[in-house]
Amino acid sequence: SGRFIDPEILPYEIEAIVHAARFLKAAGCEHLVLGGGMNASGQYSESDYALFFKSLDEVGQRCQNEGVALCYHPHSGTMVETGPQIARLCDSTDPRYVHLAPDVAHAVRGGADPVELIRRHAERIRYVHLKDIRGDEFVELGRGTIDLAGCLEALSGIGFSGPMVVELDDTTLTPLESARISHDFLTNLP
């Protein structure tokens, strides 16, 4: 993660991410999932967005040079959380260097339809976070309101074969109980 819009710390952020990419490559990983793009106020100017997109292109190119694909993860509370912001990121960055790692629950939080998001940005998706949400609470797969079957169908329809992580930020259940619920949901999909 990084702020990416503070010129004073930007060079250090970029070097830290490139260092992480080297580590990941040495560990056998092919992807670096990256979040961020934020400040304390949550207010962003056009020059902030311009620097942010330029920074992502640089980081993505440098990660690619290390043999790792940079996958940006749109997230609540960042410069890229809504459908239009995700589209803007895709329109404003180089598709050779900046890929997407969408989280279907954060997409819903940002007002986007995750199935449409997957179809619209098919060529950019390299990594997926599969998560469910009910209201504003993240829940085990199948306990929320997301059309997860539709998301998986859309991913299949675009030929996605990359990594997919089942994720849950918190729960009142034990980790094993939570994992079993999500596992059972996925296992019982038609």
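Keep in mind that the model is predicted.

Let's start with the charged side chains. The count of salt bridges comes to eleven. One of them pairs glutamate 15 with arginine 62, with an N to O distance of 2.7 Å. Glutamate 15 sits in helix H1 (residues 10–26) and arginine 62 in helix H2 (residues 46–66), so this pair ties together parts that are 47 residues apart in sequence. Neither end is hidden away completely: glutamate 15 is partly exposed, at 40% relative accessible area, and arginine 62 is partly exposed too, at 23%.

The H1 and H2 helices show up again in another bridge. Here the side chains of glutamate 66 and arginine 22 meet, at 3.2 Å from N to O. This time glutamate 66 belongs to helix H2 and arginine 22 to helix H1, so the pair links parts that lie 44 residues apart in sequence. For glutamate 66 the relative accessible area is 24%, which makes it partly exposed; arginine 22, at 39%, is partly exposed as well.

Now look at glutamate 137 and arginine 134. Their side chains form a salt bridge with an N to O distance of 3.9 Å; the cut-off for such a bridge is 4 Å, so this pair falls within it. Glutamate 137 is partly exposed with a relative accessible area of 43%, and arginine 134 gets the partly exposed label at 40%.

Salt bridges can also join up into something beyond a pair. In this model, Asp103, Lys131, Glu167 and Asp169 are linked in a network of them.

Next, the nonpolar side of things. The largest nonpolar core has 46 residues, and those with the most contacts inside it are Leu32, Leu34, Phe52, Val59 and Leu89. Leucine 89 is a handy one to click on. Once its neighbours within four places in sequence are set aside, leucine 89 is in contact with Phe52, Phe53, Leu56, Tyr72, Val80, Val98, Leu100 and Arg124.

Is serine 178 buried or exposed? Its relative accessibility is 8%, so serine 178 counts as buried, the limit being under 20%. Serine 178 lies in helix H7 (residues 175–187). Leaving out neighbours within four places in sequence, the contacts of serine 178 are Glu140, Leu168, Thr171 and Leu173.

Terms used
Residues numbered from 1 in each chain as written. Predicted model: local features only at pLDDT ≥ 70, side-chain atom pairs only at ≥ 80, totals over all residues. Heavy atoms only, no water. Helix = DSSP H or I, 4+ residues; strand = E, 2+ residues; numbered from the N terminus. Buried < 20%, exposed > 50% of the residue type's maximum accessible area, 1.4 Å probe, protein only. Core = buried A, V, L, I, M, F, W, Y, C linked by side-chain atoms within 4.5 Å. Contact = heavy atoms within 4.5 Å.
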